[in-house]
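Please look over the sequence and the model shown below, then read on by topic.

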Amino acid sequence: MVSGSQILQWRPMKVSDLASVSAMANIIHTDFFEADAVYQERLQLYPDGCHVLQDGDGKLIGYALTHPWLLYTMPALNSLLDQLPSEPTTYYLHDIALLPQSRGTGAAREIVSILADHAQRSRFATMSLIAVNGSTGFWQKQGFEPDDRPELETKLRTYSDDARFMVRYLG
């Protein structure tokens with residue numbers, strides 16, 4: 001992907017990327033702190049769902065953390081999973097985060113496409129996520145729809161007042 005004169009590329013996350021991922025998270029998600037152990041565990045449990053965005057100079061400017069999970073549930077913020085479900089029912093997008101210089105480049109759209117292809121190849125019927133920071137419109141453009149279930153409201157409020165559970169059905 002080319003942005004201006006920059007070449008941006010999504011690639012698999014490596015252990016050596018974790019310090020940069022944590023640093024980006026501290027800049028991007030000031031209201032959603034997660035300990036380094038959360039990023040380490042996601043990479044350990046499901047490396048196929050962890051990606052980083054690098055610019056033409058090799059600097060990391062975004063990341064994505066995803067994994068198999070259970071539909072209509074969501075991990076608590078800043079919590080370890082211990083293990084993935086033995087019979088997952090959705091492909092969960094835990095976090096897609098971009099530094100300001102990578103926004104508006106199509107990088108978010110590209111990683112969602114990459115993740116959807118992976119989810120389909122892995123035979124998931126759905127992808128799910130929690131939209132925060134007014135991002136519901138972006139996610140709707142990516143094929144996700146809000147799924148407002150009263151039983152999720154209490155958990156969603158632990159994320160933010162505007163948090164919405166969203167699902168994308170894969171065909």
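A residue is called buried under 20% relative accessible area, exposed over 50%, and partly exposed in between, with a 1.4 Å probe and protein chains only. The model is predicted, so local features need pLDDT of at least 70 and side-chain atom pairs count only at pLDDT 80 or more, while totals for chains, interfaces and linings use all residues. Residues are numbered from 1 along each chain as its sequence is written, and side-chain values use heavy atoms, with hydrogens and water left out.

**Nonpolar cores**

- A nonpolar core is a set of buried Ala, Val, Leu, Ile, Met, Phe, Trp, Tyr and Cys residues joined through side-chain atoms within 4.5 Å; the largest has 40 residues, of which Met13, Tyr63, Leu93, Met127 and Trp139 touch the most other members.
- Among the elements that give two or more residues to this core are helix 1 (18-28), strand 6 (90-98) and helix 3 (107-121), where helices (H or I, at least four residues) and strands (E, at least two) are DSSP runs numbered from the N terminus.
- Helix 3 gives the most to this core, with seven residues.
- Apart from this core lies another, of 14 residues, among them Phe32, Trp69, Ile130 and Ala163.
- Leaving aside neighbours within four places in sequence, Trp139 is in contact (heavy atoms within 4.5 Å) with Leu93, Ile96, Val112, Leu129, Ala131, Phe144 and Met166.

- The buried residues of helix 3 are Ala107, Ala108, Ile111, Val112, Leu115, Ala116, His118 and Ala119.
- Gln120 also lies in helix 3, but Gln120 counts as partly exposed because its relative accessible area is 38%.
- Not counting residues up to four places away in sequence, Gln120 touches Leu170 and Gly171, whereas the C-alpha atoms of Gln120 and Leu152, 32 residues apart along the chain, are separated by 26 Å.
- Arg123, which follows helix 3, has a positive phi, near 70 degrees.
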